[in-house]
Amino acid sequence: MAQIQVLIADDQVVTRSGLVAMSREAPGLDVVGVAQDVAGVLAAVDCGKPDIVLLNLRKLTGDSLRHLVRLIGAHVSIIVLWCHDSAVTIQDALRARVAGFMDLEILQEEFASVIALVGRGCAAYLLPRERLSDIGEGCPMSSTSGAMSNLTSRENDVLRLLADGMTNKQIGSSLHIAENTVKKHVHRVMIKLSASSRVEAALLVSRLGPMA
C-alpha cells in the first residue's frame, strides 16, 4: 500500500517534534517535511509534494487560512490542528473547506485513522461533542431556521440521513431513489442552507434538528 506523504507545519518546536514522532510511528504515513510558518509550508509543499499538510500555526487567521487553501488546496489536503491558543476556529476551517479539523486534545488515539480517511478523499472533523455549540457562532439561529423551513419533504429526508453520516449511495438505498437524484437533493440543500460542506449542513441539523 502506498504511503501517505505528510508535511508537519507547527510553530512550536515541542509539538512539532511530537507530531513528527507520532507520524513516523503511525503505519502508512511518511513525513516528507516540516515547517514553522506559512512561508515554510509553501516552500515545503513545492519541494516535498506532500499529500496532506497537518497545520498547527496558532497565529494563523481565518483569512490567511483561506488564502493558503487557494494557493495549495488544489494539490494538497489540509488538516487544521486546533489547540486552546489557536486563532483559527472550526467555522474558519469550514469556510475554507479544508479536508479536516482535529482538536489536539483528542488527537493521539484517532491520529492515523483520521489522516487515512482524509487520504481516501473524505472530510474528517474531530472535536469534543460539547464544542458543537461553537458552530453556531456567526450563524444566526433565526436565518438558519428559516432556511430549513424552506426545504421540501424529500430534501428534509435527505438532510436527516446525511446528518446521520450516510453516503449518497446509502441515502439513495434508504429512500429508494437513484444516487444521482440524491446528489441533486444534497446540492439544493447546501444552497438553501448556505452550507459550505456536508459537515456544516450536518452540524446545522445538530443545532436545530430537521424541520417537520
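Which strands does helix 3 lie across? Helix 3 lies across strand 3 and strand 4, and runs at about 155° to strand 4. Contact here means heavy atoms within 4.5 Å. Axes are lines fitted to C-alpha atoms, for helices over the stretch in contact, and angles run from 0 to 180 degrees between N-to-C directions.

## Basis

This is a predicted model: local features need pLDDT of at least 70, side-chain atom pairs count only at pLDDT 80 or more, and totals for chains, interfaces and linings use all residues. Residues are numbered from 1 along each chain as its sequence is written, and side-chain values use heavy atoms, with hydrogens and water left out.

Helices (H or I, at least four residues) and strands (E, at least two) are DSSP runs, numbered from the N terminus.

The open sheet has 6 strands in the order 2-1-3-4-5-6, with parallel pairing. Two strands pair if DSSP finds at least two bridges between them. Strand 2 (29–35) and strand 6 (124–126) are the edge strands, each pairing on one side only. Neighbouring strands are turned by 20° against each other on average, direction ignored.

Strand 1 and strand 2 run parallel, joined by 6 bridges. I8 has V34 in strand 2 as its bridge partner.

## Nonpolar cores

A nonpolar core is a set of buried Ala, Val, Leu, Ile, Met, Phe, Trp, Tyr and Cys residues joined through side-chain atoms within 4.5 Å. Buried means under 20% relative accessible area, exposed over 50%, partly exposed in between (1.4 Å probe, protein chains only).

The largest core has 28 residues; V41, V53, L55, L65, I78, V98 and Y125 touch the most other members. Elements that each supply at least two residues of this core include strand 1 (4–10), helix 2 (38–48) and helix 3 (62–72). A second, separate core of 19 residues includes I8, I79, L81 and A124.

Y125 touches I90, A93, L94, V98, A99, G100, F101 and V199, not counting residues up to four places away in sequence.

## Helix 1

Helix 1 (residues 13–25) buries R16, L19, V20 and S23. Its buried residues fall within an arc of 100° seen down the axis, so they line one face of the helix. The arc is that of the directions from the helix axis to the C-beta atoms. V14 and E25, on the other side, are exposed.

## Positive phi

K49 is not a glycine, yet has a positive phi of about 55°. K49 sits in the loop between helix 2 and strand 3. K49 counts as exposed because its relative accessibility is 56%.

R97, also not a glycine, has a positive phi of about 60°. R97 is in the loop between helix 4 and strand 5 (100–103).
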